[in-house]
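Trainee: I'd like to go through this one with you before I set anything up. Could we start with how the helices pack and then move on to the charged pairs?

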Amino acid sequence: MKKKLLVGMLILAVAAFLCTFNASTVLAAKKFVSIASGWVVGVYYPLAGAISNIAHKNLPDIKITVESSGASVANAKLIATGDADMAILQNDISFYALQGVKPMFDKPVANIRGITSLYQEHCQIQARKDAKIASVADLKGKRVCVGPLGSGTEQNAMQILEAYGMKFDDFAKVERLTATESSDYLKDGRIDAAFYSVGVGAAGLVDTAMTVDCVIVPVDGGQRDALMKKYPFFTKAVVAKGAYKGVEADVPTVAVMAILAARAEMEDAMAYQITKAIFDNLKDIERAHAKGKELTLESALTGMSIPLHPGAEKFYKEKGIKK
């Protein structure tokens, strides 16, 4: 009897060990990937969320977690340090990161690689109507938010102002705020205008326009031409009539491209799987935000300013998008 009991206990012990071993093996096999996005009320965050959901539904061995961050410059630095495996950022900032352009980057982010271009990011200047700002030149002497410190928005603001012969010093007050904070400050009258490099229809701008009378300040004429000549990653763009309450005609501006990047250290197979899953499930990207509709296989390499990750490159070669 004792012998049978001993054998039974031994069998149970072995079974328990095997269960624990199998669970540990499965957990070890699952690969965790972090993706740095941007402001929760912007476009980066919901698109990153859509990519995470796509992985959850289609890539059982990969779990993608989304992190809110300070956007483009900060995201490139997270790639450099390994604190993020993937990131959404502007194509101009990714190029500066790869080159190590100062003062944004102390040294090159040599390990940043492209996965796909996502959509056109419009440079938008939203101003209170009662501030009487009809042109970029009218920002002189005003209280202006230029985006978070180190963000792509801040860099684009500097570049646009440069084309008009202006600097941040020309403002009565400079604020460096998130999109949510900018919206609150505009609604409360604590600032007169705010720069955003974000897809048209971003929640922060929509909310502000619904609360107070606002305008979108144009970037056009010879200044726009000069800007695009010096910084060729800019393209002509339009904030369409009706995009926000109070926008009663198309407003000319410029845009950069938002791209999805990854660390060069990411396994080629993983980068391939993620890229393929995105393009196999574009409807999920479209449902996450209206800007997601701009992502197509044909536009995947538009404005790509950094080398492709080998895993993504393999996918595009299979599709005939890249030779």
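Trainee: Which hand does the crossing of H9 and H11 have?
Mentor: The crossing of H9 and H11 is right-handed, a term used when the near helix is turned clockwise from the far one by less than a right angle, anticlockwise being left-handed. Helices here are DSSP runs of H or I with at least four residues, strands are runs of E with at least two, and both are numbered from the N terminus. Bear in mind that this is a predicted model, in which local features need pLDDT of at least 70 and side-chain atom pairs count only at pLDDT 80 or more, whereas totals for chains, interfaces and linings use all residues. Residues are numbered from 1 along each chain as its sequence is written, and side-chain values use heavy atoms, with hydrogens and water left out.

Trainee: At what angle do the axes of H9 and H11 cross?
Mentor: The axes of H9 and H11 (residues 310-318) cross at roughly 50° and come within 6 Å, where axes are lines fitted to C-alpha atoms, for helices over the stretch in contact, and angles run from 0 to 180 degrees between N-to-C directions. That makes H9 oblique to H11, since angles under 35 degrees count as roughly parallel, over 145 as roughly antiparallel, 65 to 115 as roughly perpendicular and the rest as oblique.

Trainee: And which residues of H9 meet H11?
Mentor: From H9, Asp-268, Ala-271, Tyr-272, Thr-275, Lys-276 and Phe-279 meet a set in H11 that includes Pro-310, Phe-315 and Tyr-316, contact meaning heavy atoms within 4.5 Å.

Trainee: Which residues in H9 are buried?
Mentor: Met-270, Ala-271, Tyr-272, Ile-274, Thr-275, Ala-277, Ile-278 and Phe-279 are buried in H9, with buried meaning under 20% relative accessible area, exposed over 50% and partly exposed in between, for a 1.4 Å probe and protein chains only. The helix itself covers residues 268-280, 13 residues in total, and its first and last C-alpha atoms are 18 Å apart, close to the 18 Å expected at 1.5 Å a residue, a span calculated as 1.5 Å times one less than the number of residues.

Trainee: How about H5 and H8, how far apart are their axes?
Mentor: The axes of H5 (residues 152-163) and H8 (residues 221-230) are 8 Å apart and the helices pack at an angle of about 125°, so H5 and H8 are oblique to each other. H5 passes H8 in a right-handed crossing, and the contact is made by Gln-159, Ile-160, Glu-162 and Ala-163 of H5 with Gln-223, Leu-227 and Lys-230 of H8.

Trainee: Switching to charges, how many salt bridges does the structure hold?
Mentor: The structure holds 15 salt bridges, each a side-chain nitrogen of Lys or Arg within 4 Å of a carboxyl oxygen of Asp or Glu. One of them pairs Glu-267 with Lys-31, the closest N and O atoms being 2.8 Å apart. Because Glu-267 lies in the loop between S10 (251-263) and H9, while Lys-31 is in S1 (residues 31-36), the pair ties together parts that are 236 residues apart in sequence.

Trainee: Where do Arg-287 and Asp-284 lie?
Mentor: Both lie in helix H10 (residues 282-288), three residues apart, which is about one turn of the helix. Salt bridges that share partners join Lys-57, Asp-284 and Arg-287 into one network. The Arg-287 to Asp-284 bridge is 2.3 Å from N to O, with Arg-287 exposed at 61% and Asp-284 buried at 14%.

Trainee: Last topic, the backbone: which peptide bond is cis?
Mentor: The bond from Lys-102 to Pro-103 is cis, with omega near 0°, and Pro-103 sits in the loop between H4 (91-99) and S4 (112-128). Most peptide bonds are trans, and most residues other than glycine have a negative phi. Lys-132 is in the loop between S4 and S5 (143-145) and counts as exposed at 68% relative accessibility.
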